[in-house]
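Today I am going through the aromatic side chains of this model, starting with charges placed over rings and then turning to ring pairs. My notes follow in the order in which I looked things up.

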Amino acid sequence: MAPKIICNFGVVNRKLHIILLMLGMTILMPSICFARDRSVDSLVLFKVWNYAQNHQQTSKGVERNVYLSYTYKTERRNPTLFLVPTMYSIAKGAREFFGEAYYKMKFHDAFHYDFHRQVICSTIPHNRTVMPNMLQYLTPNLYNETLYDNKMLSPFYYSNRFFYKYLVIPVTDKLAIIRFRPRTNNTQLIRGRAFVNIETGRINSIGFEGEFDMIKFNVTAAMNMSNEEDIVLPDRCLTESTFNFLGNKIVASCRANYNCPTTLPDSIDNVEDIKLMETLRPTSLTTNEQEIYDRHQEAREMRNQPEDTIPEKKSARFTDFLWENIGYNLINSTHANSGPASMRISPLFNPLYFSYSQSRGFSYKLNIGLQYTFNTHRYLTLNPQMGYNFKQRQFYYTAPLRMTYNPKRNGYAEFTWANGNRTNHASLVDDIIEKEGENFEVPEFKDEIFQLVNNVEAFDWVEVMTGLVYHRRRSTNRELMKSIGFPDEFRSFAPLLTFHFKPWQQKGPTLTANYERAIKGIFKSDLDYERWEFDLSYKHDMKSMRQINLRAGTGFYTQRSSDYFVDYTNFRDNNLATGWDDDWTGQFQLLDSRWYNESNYYIRGHLSFESPILALTWVPLVGHFVEMERLYLSALNIERRRPYFELGYGFTTRYLSTGFFTSFVGTKFESFGCKFTIELFRRW
């Protein structure tokens with residue numbers, strides 16, 4: 001007999017409605033809460049945002065012992081990995097590397113601290129640093145405006161709340177989960193969740209993920225709960241990251257313990273000692289970590305065997321020498337120290353110093369740094385910069401040799417040898433054309449500069465610089481100039497006096513006053529002039545990494561014995577490549593270089609606004625890679641030319657910085673151009 005089915009449709013409908021309602025609420029509740037963002041007004045969030053204000057200074061002077069271990073695994077690699085800075089050491093040979101380090105960490109306040117490495121052990125050749133930017137993700141400053149050294153906006157800083165959406169989920173009467181995600185998919189923002197104390201707003205643990213500078217990372221941190229003074233210092237932190245570039249894939253894992261019991265003497269500094277490291281480890285090595293150590297030790301023992309037991313060992317050693325020294329220094333900065341002397345040379349293959357602009361074309365530069373330290377208060381430095389402009393076909397250089405004798409008062413004496421743009425002056429060109437005719441091609445003049453100055457901070461808000469400056473301008477075609485009866489060389493010698501005023505210290509503008517008075521007859525000088533310049537620069541930091549940059553200035557000649565050649569200290573063309581961090585604000589991007597040396601006076605102003613999230617950031621797909629955006633406005637008034645204006649928009653990404661500029665003479669459009677500099681591996 002078939003079973004008898006009895007169905008009460010009213011009850012079924014009510015139950016079905018309840019089930020569907022609960023299911024719908026389960027699915028839609030997170031999106032509703034995120035969309036309406038009512039959790040911003042939550043008491044829990046306000047306690048988290050205000051927590052740091054009450055504890056910001058409690059970490060001052062605190063010291064902690066930090067143990068760090070890291071593993072690198074090369075899943076895919078090809079020859080292009082050799083071109084990545086700091087990756088040269090793992091671009092060949094073994095595919096897994098392991099290392100350990102022991103640090104002493106000292107806090108200045110809740111958000112600022114120093115690391116001093118005392119012990120290191122690593123299977124990476126020569127204990128070189130690989131992917132140093134990955135290590136910074138170990139210590140997030142959760143309550144600070146930025147999580148990591150002026151990048152990545154923290155969701156737990158009050159002013160950053162507009163960039164995130166929150167959902168607060170109570171777990172117990174004392175514990176809640178805060179889920180957060182960005183309003184736009186941008187590299188300066190993260191997503192994740194945190195367990196917080198409802199009563200105090202203190203973060204107990206956190207997990208979040210993000211992507212910055214070609215590294216995807218996932219951070220899990222447990223905060224130190226035993227001591228209230230460690231408000232930003234985790235007890236343990238694990239960072240897993242992945243680097244993908246041109247078919248290469250490197251997976252890295254880094255774990256840190258911030259509360260190790262053993263304190264080493266300060267005299268132990270960056271020593272390699274595996275036996276000592278074994279006594280410092282807070283936990284045992286994993287099986288994989290120990291295997292990497294064992295394989296490394298076996299390879300080292302093989303290399304140390306007698307040469308007659310290993311065929312072609314001499315040729316292998318020579319090849320390793322080429323790889324490890326010549327090849328490494330082509331891609332990475334060269335650092336050398338020998339007692340009080342040190343040297344640093346930027347890599348010969350360095351895309352970071354390659355740039356292009358509409359008016360100046362392609363250029364490339366190289367930096368060198370030399371220092372000799374006599375004592376902590378006296379040291380000698382030589383920091384030459386060299387570059388080549390392919391459009392102008394000109395080699396530029398500046399070589400400042402500085403003796404610092406009072407660092408506290410910024411006291412130094414400096415001699416600089418440099419060259420400037422090849423240029424002419426309109427008055428000289430007019431005189432030659434009047435004599436020789438309009439078809440005559442006037443050769444340009446090279447400008448060689450020698451300057452000797454002494455600088456000292458006379459008071460806390462005034463710096464005084466005194467010195468001498470000497471220009472030697474020589475024609476690129478000296479015989480031709482002599483043949484038409486015009487000088488082929490012009491020289492000028494002038495004492496200078498400069499005042500830097502900082503009455504508001506770091507919170508206000510910097511005022512500069514510069515005076516030069518040329519004297520004829522000294523070192524064959526034949527130009528006589530008197531020049532004044534005044535300059536104001538100001539950077540106003542706003543919340544959430546936004547910034548306003550302002551620069552204004554004027555300069556004029558009160559006396560001139562000749563109309564030939566005008567040269568200003570603050571108003572001049574920048575010949576060598578500059579990147580985003582060198583600050584494009586304060587420069588004209590489309591102005592013809594000859595106008596810098598044509599007028600007896602100038603009045604200029606520059607204004608820019610910078611923000612990590614402005615316009616392009618909100619564009620899908622593209623906006624994810626934008627790190628910072630800027631708006632530019634520049635104005636100039638000089639002799640024999642109507643007011644000149646430049647408007648611009650720029651942005652920087654992990655690959656390059658780009659700017660688009662348009663210029664106007666009066667209200668009439670003049671030109672449009674662009675500028676870009678390579679930013680690839682800028683932070684590596």
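I began with Arg-161, whose charged end sits over the ring of Tyr-158 at 3.7 Å from its centre; I count a charge as over a ring if NZ of Lys or CZ of Arg is within 6 Å of the ring centre and within 35 degrees of the ring normal. I then looked up Arg-402, which lies over the face of Tyr-412, 3.6 Å from the ring centre.

I must note that this is a predicted model, in which local features need pLDDT of at least 70 and side-chain atom pairs count only at pLDDT 80 or more, while totals for chains, interfaces and linings use all residues. Residues are numbered from 1 along each chain as its sequence is written, and side-chain values use heavy atoms, with hydrogens and water left out.

For confidence I checked pLDDT (the predictor's confidence in each residue, from 0 to 100), and found a protein mean of 79, with 80% of residues at 70 or more.

Next I turned to ring pairs, of which the structure holds 39; rings of Phe, Tyr and Trp (its six-membered ring) pair if their centres lie within 6.5 Å, and planes under 30 degrees apart count as stacked, over 60 as edge-to-face and the rest as tilted. Tyr-137 and Tyr-148 are edge-to-face, because their ring centres lie 5.0 Å apart with the planes at 85°. Both Tyr-137 and Tyr-148 are buried, meaning under 20% relative accessible area with a 1.4 Å probe, protein chains only.

Last, I recorded a cluster linked by ring pairs, with Tyr-529, Phe-571 and Tyr-644 among its members.

How values were computed:
Buried < 20%, exposed > 50% of the residue type's maximum accessible area, 1.4 Å probe, protein only.
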